[in-house]
Amino acid sequence: MTTPREFDIIVFGATGYTGRLVAEYLATHYGPREDGPTWAMAGRSLAKLEEVRDLISAPATTPLVVADADNSADLEAMCRRTRVVITTVGPYQLYGDKLLAACVATGTDYADLCGEPVWMAEKIAEHHAAAQASGARISFSSGFDSIPFDLGVMMTQKACRERFGKPAPRIRGRVRAMQGTFSGGTAASLGATMKAAAKNPSLIKVLRNPFALTPGFEGPDQPSGMIPSYEEDLGKWSAPFVMAPINTKNVHRTNFLLGHPYGTDFRYDEMTLTSPGDAGKAAANAALEFMKNPFGSKPPKPGEGPTQDERENGFYDVVFVADMADGQRLQYGVKGRFDPGYGSTCRMLSETAIGLLACDKPGGIGTPGSFLGEDLVKRLEEHAELTFAVEV
């Protein structure tokens with residue numbers, strides 16, 4: 001961006017469930033402050049924007065921008081006013097095309113919460129070169145999917161290089177504990193992806209391919225993460241993890257974009273841990289069944305999500321187990337306070353956008369890890385109540 005912009009950040013979709021949480025976080029932690037970013041709220045309805053502004057106790061002077069996700073002129077005019085756009089308007093495969101194109105065309109940085117790998121693969125093919133040319137940094141998956149996992153693997157590999165002198169060829173990401181709920185937006189995104197795959201079966205190959213976001217590079221066969229198993233070193237059963245299909249793809253894209261610091265032979269999977277014994281085995285098998293229909297017969301509607309108490313009392317605890325070729329092993333933990341999908345995600349998304357303001361990396365379609373790396377780890381530890389630490 002060579003011309004000055006009116007705002008540092010615009011939150012697009014501020015009247016939606018997650019967008020409101022992002023705006024509330026910015027209002028509470030960064031504004032109005034002379035040393036904080038300048039930011040505005042955007043959405044289709046001025047009346048609803050005013051209502052949300054008052055609901056979150058943002059200053060009456062908080063700028064409001066009216067823009068429609070289906071109006072390219074609106075979106076391009078909005079993008080020209082800001083350095084970074086945060087968008088929570090999903091499913092992105094239904095509502096994200098025109099905003100992404102506007103950001104690329106105007107050289108505006110972008111951060112979203114996308115967990116839709118088919119759409120992401122399409123946009124990489126369509127816009128990556130143009131984003132490199134315009135300088136727009138496009139950061140997909142800047143929330144619970146996939147920051148704790150993307151950065152967790154990055155920091156685990158750093159610890160391996162420091163301890164063993166080289167990266168681990170194999171890392172297991174294991175969710176030890178998590179308390180949180182899904183929102184209607186998450187359910188809608190998964191539903192849209194499944195409908196698209198039903199209409200076009202070729203998309204199933206993209207969903208199943210761990211290297212779907214690394215065009216031109218196919219790494220080694222990866223562990224499936226779909227078969228419950230007992231892990232001797234952890235003393236627990238492991239089961240399929242619902243976010244693994246998107247997180248693993250983003251981890252491989254970060255490795256790809258950074259020039260394969262984890263190696264071209266890197267293998268990675270994610271699962272969730274249950275407990276030892278027969279009870280743990282039963283829970284692991286139940287988790288496998290859950291993967292077939294994670295939202296049940298009555299999924300939450302868009303705009304719905306966990307209550308404030310549920311967000312504040314949520315948490316997550318993830319361990320990354322690095323297995324070296326000679327049998328040595330290292331464990332690295334990532335823990336977060338607040339409900340992972342919303343209480344913590346609104347913080348991670350906001351801090352990603354603020355980190356992009358100081359980023360000097362070239363443009364393109366990347367990941368939080370490829371653009372911000374350890375700088376984002378520090379931001380999250382300082383501002384978002386995440387912890388990153390070697391354990392064993």
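A salt bridge is a side-chain nitrogen of Lys or Arg within 4 Å of a carboxyl oxygen of Asp or Glu. The exercises below apply this definition to a predicted model.

**Exercise 1.** Determine which parts of the chain are tied together by Arg-172 and Asp-233, and whether each residue is buried or partly exposed.

*Solution.*
Step 1. The closest N and O atoms of Arg-172 and Asp-233 are 2.8 Å apart. The cut-off is 4 Å, so the pair forms a salt bridge.
Step 2. Arg-172 belongs to strand E7 (residues 170–179), while Asp-233 sits in the loop between strand E8 (229–231) and strand E9 (236–240). The pair therefore ties together parts 61 residues apart in sequence.
Step 3. Buried means under 20% relative accessible area. Arg-172, at 7%, is therefore buried, whereas Asp-233, at 33% relative accessibility, counts as partly exposed.

**Exercise 2.** State where the partners Arg-81 and Glu-6 are found and classify the accessibility of Arg-81 and of Glu-6.

*Solution.*
Step 1. The two side chains, Arg-81 and Glu-6, meet in a salt bridge with an N to O distance of 2.8 Å.
Step 2. Arg-81 is in the loop between helix H3 (72–79) and strand E4 (82–87), and Glu-6 is in the segment before strand E1 (7–12), 75 residues apart.
Step 3. Arg-81 has 29% relative accessibility and counts as partly exposed; Glu-6, at 48%, also counts as partly exposed.

**Exercise 3.** Describe the pair Asp-269 and Arg-174 and name the network that includes them.

*Solution.*
Step 1. The side chains of Asp-269 and Arg-174 form a salt bridge of 3.3 Å, N to O.
Step 2. Asp-269 lies in strand E10 (residues 267–273) and Arg-174 in strand E7, 95 residues apart. Both residues are buried.
Step 3. A network of salt bridges links Arg-170, Arg-172, Arg-174, Glu-231, Asp-233, Asp-269, Asp-323 and Arg-329.

Terms used
Residues are numbered from 1 along each chain as its sequence is written. This is a predicted model: local features need pLDDT of at least 70, side-chain atom pairs count only at pLDDT 80 or more; totals for chains, interfaces and linings use all residues. Side-chain values use heavy atoms; hydrogens and water are left out. Helices (H or I, at least four residues) and strands (E, at least two) are DSSP runs, numbered from the N terminus. Buried means under 20% relative accessible area, exposed over 50%, partly exposed in between (1.4 Å probe, protein chains only).
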